[in-house]
Amino acid sequence: MLAIATVHGDERGVAPVGVELTTVPVPDGIDAYVVPVANPDGWARGTRHNARGVDLNRNFPWWWWHGDGGPDRASEPETQVLMSLVRRLRPTVTVWIHQPYEYVSAVDPRAERWARAWADAAGLALVPPIAQRGGGESWTYHGLGLASILVEGTTREASVGETSAHRRGFEALLATI
Ligand SMILES: [Zn+2]
């Protein structure tokens with residue numbers, strides 16, 4: 001499985017969550033990969049967009065449009081790295097972690113049991129499948145046909161409660177793979 005955090009640099013609780021996930025023991029037989037900070041320039045600056053002013057979660061090549069998704073599909077190096085990682089690993093499930101809308105969505109309906117496990121353990125609502133133009137979570141499923149879930153934490157801030165909630169969610173997901 002693969003977890004990707006901090007696509008948006010202004011979601012300040014997400015990088016600490018990503019780092020926390022790297023400390024979770026992984027059950028035998030599962031390979032788990034975590035990207036704690038997918039948008040390092042945005043994280044350093046505290047901005048949603050990358051250093052070129054592009055919203056990376058609008059830049060993926062599924063249902064892309066110009067809006068704030070960059071000059072072209074997958075124009076950004078961060079997007080290209082994430083695409084290459086997902087294509088290479090072909091994870092059983094990819095989890096895209098954001099803030100602050102307080103839900104978990106199985107972007108791929110087949111991933112509902114994993115989304116439910118994370119939602120229940122983290123105390124979040126499970127909502128119907130979402131679809132986002134140019135979104136990484138949407139491209140993973142609609143573009144590649146791989147299972148994908150979207151996790152939205154509860155605030156834009158870092159907190160012990162937020163970090164521990166998603167650690168529990170990650171552990172619960174690992175237990176159901
Ligand atoms: Zn976000």
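Residues are numbered from 1 along each chain as its sequence is written. Because the model is predicted, local features need pLDDT of at least 70 and side-chain atom pairs count only at pLDDT 80 or more, while totals for chains, interfaces and linings use all residues.

Helices (H or I, at least four residues) and strands (E, at least two) are DSSP runs, numbered from the N terminus. Six strands form an open sheet of mixed pairing, in the order β2-β1-β3-β6-β4-β5; two strands pair if DSSP finds at least two bridges between them. The edges are held by β2 and β5, each with a single partner strand, so one side of each has no neighbour in the sheet. On average, neighbouring strands are turned by 20 degrees against each other, direction ignored. Strands β1 and β3 run parallel and are joined by four bridges, and Ile-4 stands opposite Trp-96 in β3.

Helix α1 (residues 14-21) has Val-14, Ala-15, Val-17, Gly-18 and Leu-21 as its buried residues. These lie on the same side of α1, because they cover an arc of only 155 degrees around the axis; the arc is that of the directions from the helix axis to the C-beta atoms. A residue is buried if 20 or more other C-beta atoms lie within 10 Å of its own, exposed if 12 or fewer, and partly exposed in between, with C-beta atoms placed from the backbone. The buried residues of α1 pack against β1 (2-5), β2 (33-35), α2 (40-45), β3 (94-98) and α6 (160-176), where contact requires C-beta atoms, placed from the backbone, within 7 Å. The helix lies across β1, β2 and β3 and runs at about 155 degrees to β1. Axes are lines fitted to C-alpha atoms, for helices over the stretch in contact, and angles run from 0 to 180 degrees between N-to-C directions.

The buried residues of α4 pack against β4 (103-106), β5 (125-127), β6 (148-152) and α6. Just after α4, Gly-123 takes a positive phi of about 75 degrees.

Arg-90 lies in the loop between α3 (77-89) and β3. This residue counts as exposed because it has 11 C-beta neighbours inside 10 Å.

Notes
Contact = placed C-beta atoms within 7 Å.
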